Amino acid sequence: MAFHEVRFPDDISRGARGGPERRTQIVELASGDEERNASWANSRRRYDIAYGIRRTDDLAAVVAFFEARNGQLYGFRFRDWADYKSCLPSESPAPTDQGLGTGNGASATFQLLKTYVSGAHIWSRSITKPVAGSVRIALDGVEQVSGWSANATTGLVSFDTAPGAGVLVTAGFTFDVPVRFDSDTLDVTLDIERLGSITSIPLVEIRR
């Protein structure tokens with residue numbers, strides 16, 4: 001899949017709007033009851049970065065970034081400032097933040113995950129674009145400073161030696177969202193003072 005390992009400018013993404021979406025089919029019965037079915041097993045994030053443009057220089061940066069990505073052709077990294085850590089927004093990532101799995105003595109590779117918990121319900125999200133150098137790993141609560149590597153383009157953590165049976169593998173990290181532009185057109189408006197604006201610049205998460 002065509003992807004550029006470059007992040008959209010942080011100073012503009014801070015003002016973006018958006019978040020997760022899900023696809024649910026709702027059928028209303030003649031009785032007024034309804035049946036609901038989830039079309040997607042996982043959520044997909046959408047954003048609108050037009051809200052982060054405050055100056056003409058911001059507008060120029062967005063146009064240049066759009067052209068360099070060939071519109072919708074190439075994906076890129078985007079920081080969702082509402083959700084980019086393995087921990088709470090007010091905290092710093094720790095190596096025990098998120099469970100990745102339990103060792104069996106044979107598996108040496110684990111996918112970075114972020115788990116969302118509400119009451120008894122849990123949903124785990126695969127993290128494929130961790131920030132390089134941000135990943136911390138622990139085995140049974142003890143941080144490991146060596147003996148492993150994290151792939152910043154896939155989110156896979158590989159151990160030199162597979163964790164032993166029953167050993168809990170955890171991680172802490174910051175991460176980006178893989179996205180692409182959701183339109184091949186930028187509709188730019190210039191007023192008489194030469195101040196530019198764009199009504200909407202949609203981004204959509206790339207899921208594999």
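Biologist: Asp182, then: buried, partly exposed or exposed?

Modeller: Asp182 counts as partly exposed, at 26% relative accessibility. Buried means under 20% relative accessible area and exposed over 50%, with partly exposed in between (1.4 Å probe, protein chains only). This is a predicted model, where local features need pLDDT of at least 70, side-chain atom pairs count only at pLDDT 80 or more, and totals for chains, interfaces and linings use all residues. Residues are numbered from 1 along each chain as its sequence is written, and side-chain values use heavy atoms, with hydrogens and water left out.

Biologist: What does Asp182 form a salt bridge with?

Modeller: Arg180, with the closest N and O atoms 3.2 Å apart. A salt bridge here is a side-chain nitrogen of Lys or Arg within 4 Å of a carboxyl oxygen of Asp or Glu. Arg180 is partly exposed too, at 22%.

Biologist: How many salt bridges does the structure hold?

Modeller: There are 15. One of them joins Glu5 to Lys129, with 2.5 Å between the closest N and O atoms. That pair links distant parts of the chain, 124 residues apart: Glu5 sits in strand β1 (residues 3–7), and Lys129 in the loop between β10 (121–126) and β11 (136–139). Strands (E, at least two residues) are DSSP runs, numbered from the N terminus.

Biologist: And Lys129, buried or exposed?

Modeller: Lys129 is buried, at 2% relative accessible area.

Biologist: What about Arg46 and Glu21, how do their side chains meet?

Modeller: In a salt bridge, 2.6 Å from N to O. Arg46 lies in strand β5 (residues 44–48) and Glu21 in strand β2 (residues 17–21), so the pair ties together parts 25 residues apart in sequence. Arg46 is partly exposed at 30%, and Glu21 is partly exposed at 22%.

Biologist: New topic. In what order do the four strands of the open sheet come?

Modeller: The order is β7-β15-β11-β12, with antiparallel pairing. Two strands pair if DSSP finds at least two bridges between them.

Biologist: Which strands stand at the edges?

Modeller: β7 (98–102) and β12 (142–144) do; each has a single partner strand, so one side of each is left without a neighbour in the sheet.

Biologist: How many bridges join β11 to β12?

Modeller: Three, and the two strands run antiparallel.
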